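Subject: Structure for you to look through

Dear colleague,

I am handing over the structure below, followed by an account of what was found in it. Please read the account with the model open beside you.

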Amino acid sequence: MASRKPRDRQMLFDSVIALVFILVACVDLCDGATVVDVYRLIQYDMSGVPFGSRLASLNHHAASLHFSPHADLSRTVLLIPLRELNMSFVREYIAESKPLGGLIFLLPRMFSFENKDGMGSSHQDGSKELLKNVLDELEQILIHTNLPYPVYFAFEDDNIDAVLTDIKKNDVTGQPATATTGGYKFVVSAPEPKKVVSPPITNIQGWLSGLKTDDDAHQLPTIAIVASYDTFGAAPALSVGSDSNGSGIVALLEVARLFSLLYSNPKTRGQYNLLFGLTSGGPYNYNGTRKWLRSFDQRLRESIDYAICLDSIGSWENELWIHVSKPPENAFIKKIVEDFSSVAEELGFKVNLKHKKINISNPRVAWEHEQFSRLRVTAATLSELSTAPELLEKTGGLVDGRHFVNEAAIVRSVKLIAESLARHIYGHQGKNIQIFADNSNLAVNPSYVRSWLDVLSQTPRVAPFFSKDDPFVMALKKELEDHTDEVNLHRDVLDGIFTFYDSTRAKLNIYQVASVTFDLLLLLVLGSYLIVLFSFLVITTRGLDDLISLFRRPPSRKVKTA
């Protein structure tokens, strides 16, 4: 009998272990999980008014655009592919602030900065342009609306496409995901977004010294080439700004490289200093440019002959625009326009002039050159845009990816800038002389342009989320050090009407939740198993009579007393 008890205990232990494995298997069957990278809609305040997504955490059942017209979506996350987006729905539910549990927009892989397939052919692909226009309109609605629920972006892949297919099937049958019917649950565990305190901005300044002769006792004149390097968009973690203003940065770096070759030889060094400025805070009224200029001493500011600012020069076909604040009759403006126009004509395209007088009392700064003009420094902006964009428009958002930038356009822009500057520096106005001729040692390098364009197209550059010594800023500094004599960093704090909040990316956990019917069935199966297991153990250890006695009615107290 004593040997039988250990054997019974072992059988009981083995049965419990088997039960545990069955429970684990059932959990795996009814609660599979997928993890997806998601990118949160920007959250910011402008003059104290809240915009963007105000929440980050998410824990709701999922639905698609095929939901029932009478469905309550206050506790539902809508998974919406950009390819199926209906802008009337966006205006109804987003612009009119109808209750939603959350939104997740699925973007095609071509908008991912990690995807390089098909580059250079986007201008001939009408479907890509159509999707770009839809995303552009959506982005402007999102960043100018206060959304009291989480909004995220994700990219299409096989896993999330399969989930979307299942969700659509359930919605079409009229069975949206609930605690009763089951379905999919989306969960994002994220802390409450906090204000970004004193966001840093860093301006990078490179200097090429001109050749000073014995007769020049006064300070040499200076030409400034400037480009803003940061971006703004609906999703800070995706705002790479390949055209705005990645193209301007690439052009500036290549112009610096070309003139470093000229200035390395005293015989070809010009009698002009060249100042290269990579500025921060561009989308926010060029806040960094203003602070950088005010850090100049009076002599340096007065020595600037003119400044040429580069903005969005990577997706044009036949014409560029020079934007100025001073009247076209101004002698310096005339000289700039003549130099650029004559070179453009020789290169086979056109440069137009657009004059816009600035209003000093208006805090809105439409173009970077206006910050120079406010300090009475002659300046112009070279751009493919014929009119100034509105605030926070065309600042390198979701639609400004690598697919929509034309490398050949940037190469032509670089050649235009370099030749125009050279004619001014060396006094070759009106002469058909090409210093940076193709196939020469001073030719524009398309490989250099492409490599830096690739880097910029994979680097989100929203200034408030840069660290003080961000690796990207250090990379720009090092590149300028390779091509200029002296490089300095000017650090400051972004101020003005904007306040930003952190939490820009997260992990989305997708759970397939079983329905209550499945749970009841599972409970019935497990209950039956436990009853059978218990009966088997009692029979094998104590006998059938003991099992039967458990279900017999116990004798009354009177019978026991008798």
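The domain bounds used here come from an automatic or database domain assignment. This is a predicted model, in which local features need pLDDT of at least 70 and side-chain atom pairs count only at pLDDT 80 or more, while totals for chains, interfaces and linings use all residues. Residues are numbered from 1 along each chain as its sequence is written, and side-chain values use heavy atoms, with hydrogens and water left out.

I begin with the spaces. On a 1 Å grid over the protein atoms alone, a cavity is a set of points where a 1.4 Å probe fits but cannot get out, whereas a pocket is an open set with protein on both sides within 12 Å along at least five of seven lines; lining residues have an atom within 4 Å of a point. Grid points are joined across faces, edges and corners, and a volume is the space filled by probe spheres set on the points.

Domain 1 (29-195 + 504-513) and domain 2 (200-493) both contribute residues to the lining of the second largest cavity, so this cavity lies between them. Its volume is about 90 Å³, and among its 13 lining residues Phe111, Ser112, Phe113, Val240 and Gly401 are the closest to its centre. By class, that lining has 6 nonpolar, 6 polar and 1 charged residues (Ala, Val, Leu, Ile, Met, Phe, Trp, Tyr, Cys and Pro count as nonpolar, Asp, Glu, Lys and Arg as charged, and the others, Gly among them, as polar).

The largest pocket holds about 420 Å³ of space, and its lining likewise draws at least three residues from each of domain 1 and domain 2. Of the 25 residues that line this pocket, Lys132, Asp243, Lys394, Val399 and Asp400 lie nearest its centre, and the classes are 6 nonpolar, 10 polar and 9 charged.

The whole structure has 5 cavities of 30 Å³ or more. The largest cavity, of about 240 Å³, is lined by 25 residues, with Gly282, Tyr286, Asp311, Lys394 and Thr395 nearest its centre.

Turning to the sheets, helices (H or I, at least four residues) and strands (E, at least two) are DSSP runs, numbered from the N terminus, and two strands pair if DSSP finds at least two bridges between them. An open sheet of 8 strands, with mixed pairing, has the order 15-14-16-13-11-12-10-17. Strand 15 (350-355) and strand 17 (486-493) stand at its edges with a single partner strand each, so one side of each is left without a neighbour in the sheet. Strand 17 runs antiparallel to strand 10 (residues 200-208), to which 8 bridges join it, and glutamate 486 in strand 17 is the bridge partner of tryptophan 207.

Strand 1 (residues 33-40) and strand 19 (residues 505-513) run antiparallel and are joined by 7 bridges, with alanine 506 in strand 19 as the bridge partner of valine 38.

With kind regards
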